[in-house]
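Hi there,

Here is the structure I promised to pass on. Please have a look at it first, and my notes follow below.

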Amino acid sequence: MKAVVIREFGSPDGLEVVDVPVPVPAPGQVRITAEAIGVGGVDAVIRRGTLAAYGFREGHVLGSEVAGSVSAVGEGVDAAWMGRRVWAFTGLSGGYAEQAVAPVEDVLSLPDGLTGTDAVTLGGSGVVAHFALDRARFATGETVLVRGAAGSIGITAVQLAAGGGAGAVAVTTSSASRGARLRDLGATHVLDRSGGADPDAPSGFDVVIDVVAGPELPLFLGKLNSNGRYVAVGVVGGQPPTDFGMRLMTAFRRSVSFATFSADTVPGSARQAVRSSQFADAAHGNLRTVVHEVLPLDQAAQAHRDMDAGKVFGRAVLTP
């Protein structure tokens, strides 16, 4: 079968389509014949070599979420899964392929009315957005800033904050056209990437959800209100300065806080419960997914070029 591997860390040109054996599900796993494959920010971070210290090596098959039909089950898995349309989390590898395996506890049946493309746009990102707001203790009436709102995590966070009764939902983005699309999704104020350009925006925020991190993270820490909470959910802009904590210390008397968040720290049953609810909401039109482009699997490198160039609004999706 076809799969996309990292031939060389760095630019998207280092991705290569190769032939690999069809995976055999281990005990407790299922195999999915993919109809849609999500392309996420973490894939780009892995591809660049940023996480090499965590054991990623050349030859790694990218991809963490797929949607499709169960084509085989491993020992101990109920045969009733066979043929079922599902979404699956494959870990941090194995998704960019015609077939992928996943633990059955990380597999969820798709409701009628939800496409595979929509499922991989929402499945991973929706859970992050939900629990990031939860960890930030977001409450009705509070002001929220979503930094890097044009990706699938940010788009969902904007909708959840707006639907949760935020007093204001500000976003950072790169253009007026993107800002208009985010307003349509629930944003009330549009800032540029440095946090300016909207004189009517709140001067400070109770909650900041940050997908970007990078060198300007300390600037946005400075936008927290007293008792404000900052939750970093990604590093698509690179790691922050090593001394970014000094901004927290200079704001000591305002009792601001900073946290990182990974969905890995949430029990699987809780993740699946939220995901199931969000899939149902999306199937009924109560939660919107935004797909930037759908490309063939062999154009995975192009999807990554588009991400690196900042062209993607929503989620890029691959199809075998």
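What covers the buried residues of H3? The cover includes helix H2 (116-135), strand E8 (143-147), strand E9 (168-172), helix H4 (176-184) and strand E15 (315-319).

Before the rest, a word on the basis. This is a predicted model, in which local features need pLDDT of at least 70 and side-chain atom pairs count only at pLDDT 80 or more, while totals for chains, interfaces and linings use all residues. Residues are numbered from 1 along each chain as its sequence is written, and side-chain values use heavy atoms, with hydrogens and water left out. Helices (H or I, at least four residues) and strands (E, at least two) are DSSP runs, numbered from the N terminus.

Back to H3, then. Helix H3 covers residues 152-163, and its 12 residues should span 16 Å at 1.5 Å a residue (the expected span is 1.5 Å times one less than the number of residues). The C-alpha atoms at its ends are 17 Å apart, which agrees. Because 9 of the 12 residues are buried, H3 is largely enclosed by the rest of the structure. Buried here means under 20% relative accessible area, exposed means over 50%, and partly exposed is in between (1.4 Å probe, protein chains only). The buried ones are Ser152, Ile153, Gly154, Ile155, Thr156, Ala157, Val158, Gln159 and Ala161.

Next, the helix pairs. H2 and H3 pack at an angle of about 50°, their axes 8 Å apart (axes are lines fitted to C-alpha atoms, for helices over the stretch in contact, with angles from 0 to 180 degrees between N-to-C directions). That makes H2 oblique to H3; angles under 35 degrees count as roughly parallel, over 145 as roughly antiparallel, 65 to 115 as roughly perpendicular and the rest as oblique. On the H2 side, the contact (heavy atoms within 4.5 Å) is made by Thr121, Leu122, Ser125, Gly126, Val128, Ala129, His130 and Leu133. From H3 come Ser152, Ile153, Thr156, Ala157, Leu160 and Ala161.

The axes of helix H1 (residues 41-48) and helix H8 (residues 300-308) come within 11 Å and cross at roughly 100°. H1 and H8 are therefore roughly perpendicular to each other. Here Gly41, Asp43, Ala44, Arg47 and Arg48 of H1 meet His304, Met307 and Asp308 of H8. By class, this contact has 2 nonpolar, 2 polar and 4 charged residues (Ala, Val, Leu, Ile, Met, Phe, Trp, Tyr, Cys and Pro count as nonpolar, Asp, Glu, Lys and Arg as charged, and the others, Gly among them, as polar).

Finally, some loop residues. Glycine 165 sits in the loop between H3 and E9, where it takes a positive phi of about 85°. Glycine 165 is partly exposed, at a relative accessible area of 29%. Leaving aside neighbours within four places in sequence, glycine 165 is in contact with Thr140 and Gly141.

Serine 64 lies in the loop between H1 and strand E4 (65-73). Is serine 64 buried or exposed? Serine 64 is buried, with a relative accessible area of 11%. Not counting residues up to four places away in sequence, serine 64 touches Asp43, Ala88, Phe89, Thr90, Gly91, Leu92 and Gly95.

Serine 93, in the loop between strand E5 (85-89) and strand E6 (99-103), is partly exposed at 32% relative accessible area.

Best wishes
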